[in-house]
Amino acid sequence: MSNYNVNNSTVESIISWIKNKMIAIPEIQRPFVWDATKVRDLLDSLYKNYPVGYIITWQNPDTKLKDGSVSSGKKILIDGQQRITALTAAITGQEIIDSNYKKRRIRIAFNPIEEKFEVRNPAILKNSRWIHDISEVFSPEFNLFTYINEYCERNPEIKQDELNRILQKLQQIKYSSIGMIELSHNLDIETVTEIFIRINSKGVVLSQADFAMSKITVNESYQGPNIRKTIDYFCHLIKNPSDYDNIKNNDSDFSSSDSFNRIKWVKDYNSSIYEPSYSDLLRVAFTYKFLRGKISNLVSLLSGRDFETREYKEEITEASFSKLNDGVLQFIDQTNFKRFIMIVKSAGIISPKLIRSKNAINFAYTLFLLLRDKNLEGNKINHIVRKWLVLSILTERYSGSPETMFEFDIRRFNIHGNPENYLNNVEEGELSEAYWTNILVNNLDTSVTSSPYFNLYVMSQIYGNDNAFLSKSVKVSHLIEERGDIHHIFPKKYLQKCGIKNRGKYNQIANYVYTEQIVNLAINQKAPNIYMGQVREQCELNATSKIGEITNKQELEINLEVNCIPISIFTMDFTNFDEFLLIRRRLMAQKIRNYYKSL
C-alpha cells in the first residue's frame with residue numbers, strides 16, 4: 001500500500017475545504033510570517049500558470065471510541081500553511097495576524113495594463129491604472145461589466161475587450177491547480193513525524209515541537225486551540241509584554257477565558273533571565289507530566305496511541321490532552337514561575353547570558369514542578385533545584401540531544417523517596433576529585449567568553465557578593481546588571497607589544513576580570529608588576545588612590561582573593577604570563593568548587 005497519494009486541486013476548492021473545516025490549518029491563528037512581497041510573487045506565479053509546489057495533508061489515524069465505534073481523523077495541513085493563508089488573505093480579504101499579534105489586511109494591487117502585481121502603497125492609491133485590492137475582483141458582488149466600463153473611462157488607452165480578457169484571466173487564479181500530497185492515515189505517528197520534520201520552511205527545518213503544536217491546535221474536542229493559544233501568547237508576552245493589548249483586542253474570545261487570566265500577569269513582568277519558546281514550554285510540561293523526554297511520544301499520545309497494543313484510542317487522546325493542559329497551566333502559573341526564577345537568581349544567575357544551555361534551565365524548571373507536586377519542603381526544593389542546575393552546567397549534561405537524559409533523570413527523581421539521594425549519587429559519580437583538580441582546570445583553558453565554565457566562575461562571584469577587581473564599592477553583580485565589560489589582567493596591548501600576538505592566548509578567560517572602566521583606563525598598557533606596584537604603594541602610604549578605590553592593604557588582599565588573583569601578581573610581567581594563567585585557572589576552579597558545595 002502506498003504511503004501517499006498525489007492529486008491536484010484548485011485554489012477555490014482548498015479555500016472552501018478549509019472554510020468548511022474539512023482540512024485543518026494548525027497555524028491559521030498564529031502569526032503570519034511571510035512578507036507581503038512573497039504573497040505578491042505567489043499570485044504572479046499563479047497568474048502566469050507557473051507551478052507553486054505541493055501542499056501536504058495527513059489524516060489523523062482512526063481512533064477507537066469508548067463505545068467501540070471508530071472515529072475518522074480530520075485531515076491536517078502539515079505543509080503549505082503559509083501559502084494557503086496567503087492566498088486566502090489576498091483573495092477573500094481575510095485578515096491575518098502579524099508578529100505583534102495585530103490584525104491587518106494584506107492588500108495586493110494589480111495593474112491590468114501592465115499585467116503586474118504589487119503590494120499596495122500610497123502611490124498606487126493615487127494611480128487610476130491600478131486595481132487597489134484584488135479581493136474586490138474575487139468578491140461575489142463584483143460586476144465585471146460595470147467595472148470594465150468605469151475602468152476604461154479612466155484609462156482609455158486600454159480597450160474593453162482586452163480588459164475583459166485580462167480580468168477573466170485574473171479571476172482564473174481561483175481555478176489554478178495546486179498539487180496535493182495526501183499522506184496515508186495508515187502511516188504510524190513516528191513516520192509522519194519524520195516526514196514532517198524533514199520538510200523545510202524558509203530554509204528552517206521544522207521540529208517535533210512544531211508538529212506537536214499542530215496536533216494540539218487541530219483538536220477542538222479537548223480544548224486544543226485553547227492550549228495552543230495559552231502556550232503561544234505566554235511565550236510571546238514574556239518577550240514582548242507591550243503586545244498585551246494587541247492580543248487582548250485581537251482575540252476577544254480567548255481574552256475572556258480563564259487561561260488568559262492566568263497569563264496576563266506576564267504583561268507586568270520584566271525579567272529576561274528565562275524567556276521560554278513554545279518548544280521549551282512544551283518540553284517542560286511534557287516531561288514533567290508524562291515523565292518522558294521524546295516530543296515524538298507526545299505526538300503519539302495526543303493521537304491516542306496505546307504503546308502496548310499499537311492501537312489508537314480516544315480515551316488516551318482525552319487523558320493526554322488533560323495532562324498536557326495541566327502541565328502547561330503549572331508552567332505558566334505566576335507563583336511557580338516567579339519562585340523558580342528566584343531559585344535561579346539565588347544561584348548567581350542574574351543575566352540570561354550566564355546560561356548558554358537553555359536545556360539546563362528547562363530541566364531545572366521541570367524538576368521544580370515535579371518536586372512541588374511531591375510536596376517537598378520549600379527549602380529542600382530550592383536546594384535540590386539550585387544545585388542540580390549548577391551541576392548540569394558544570395557537566396554540560398544537556399548540551400547534546402537532551403531527550404534521553406531528560407527522561408532518564410526525571411524518572412529517577414520521581415522514583416526516589418528522597419530526591420536528594422539521586423542528586424548525591426550523580427554528584428559522586430560526575431564530580432570526583434579529579435574533576436575539580438584536573439578536568440575543570442583544563443576546561444578553563446579557553447578563550448571563549450561564553451564558555452559555561454567562565455559563566456560558572458562569574459556566577460560564583462555574584463553568589464559570593466564579590467567586589468569587582470580593585471573596587472571596594474562596586475560589585476561584580478553591578479557590572480553584570482549594567483552590562484559592564486570584562487577586561488584583561490595582563491593588558492592586551494601590553495602583551496601584543498611584548499610579542500604575544502595570538503588572540504587565543506591573550507584572550508584566555510583566565511586573563512579576564514570584571515572591573516570598572518575607570519580602573520581599566522588607569523591600568524592602560526602597564527605590566528601587572530607596574531600597576532599593582534602602584535596599588536600596593538597607595539595602600540602602604542594610605543595615599544590618594546590612582547588605580548581603583550582600595551587604599552587599605554587588608555582590603556586589597558581580600559579583593560585579590562575573591563577575584564582569584566595570586567599574590568605573585570605584584571612581581572609578574574609578560575615572562576610570567578603562562579605561569580599566571582595556570583595558577584589562576586586553579587584558583588578559579590577552586591572558587592567554583594567552593595561555590596557549588598555551598599549551594
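Contact here means heavy atoms within 4.5 Å. The classes are simple: Ala, Val, Leu, Ile, Met, Phe, Trp, Tyr, Cys and Pro are nonpolar, Asp, Glu, Lys and Arg are charged, and the others, Gly among them, are polar.

Before going on, a word on the source. This is a predicted model, where local features need pLDDT of at least 70 and side-chain atom pairs count only at pLDDT 80 or more, while totals for chains, interfaces and linings use all residues. Residues are numbered from 1 along each chain as its sequence is written, and side-chain values use heavy atoms, with hydrogens and water left out.

Back to the helices. Two packed helices are described by the angle between their axes and the distance between the axes. Helix α17 covers residues 334–346 and helix α18 covers residues 358–373; they pack at about 120°, with axes 11 Å apart. The axes are lines fitted to C-alpha atoms, for helices over the stretch in contact, and angles run from 0 to 180 degrees between N-to-C directions. So α17 and α18 are oblique to each other, given that under 35 degrees is roughly parallel, over 145 roughly antiparallel, 65 to 115 roughly perpendicular and the rest oblique. The crossing of α17 past α18 is right-handed; right-handed means that the near helix is turned clockwise from the far one by less than a right angle, and left-handed means anticlockwise.

Now for another pair. How do the axes of α9 and α15 cross? Helix α9 (residues 208–218) and helix α15 (residues 295–302) have axes that come within 9 Å and cross at roughly 15°, and therefore these two are roughly parallel. Here α9 passes α15 in a left-handed crossing. On the α9 side the contact is made by Q208, A209, F211, A212, K215 and I216, and on the α15 side by I295, S296, L298, V299 and L302. That gives eight nonpolar, two polar and one charged residues.

On to the strands. Strand β3 (residues 54–59) runs parallel to β11 (residues 177–183), joined by five bridges, and antiparallel to β6 (residues 75–79), joined by four bridges. Strands pair if DSSP finds at least two bridges between them. Within these pairs, I55 stands opposite M180 in β11, and T57 has L77 in β6 as its bridge partner.

Zooming out, the protein chain has 30 helices and 15 strands. These are DSSP runs numbered from the N terminus, helices being H or I with at least four residues and strands E with at least two. Of its 599 residues, 54% count as buried, meaning under 20% relative accessible area, with exposed over 50% and partly exposed in between (1.4 Å probe, protein chains only). The C-alpha trace spans about 100 × 70 × 45 Å along its principal axes.

Most residues other than glycine have a negative phi. N49, in the loop between α2 (36–47) and β3, has a positive phi of about 65°, and N49 is exposed at 65% relative accessible area. N524, in the loop between α27 (517–523) and α28 (528–540), has a positive phi of about 55°. Thanks, everyone!
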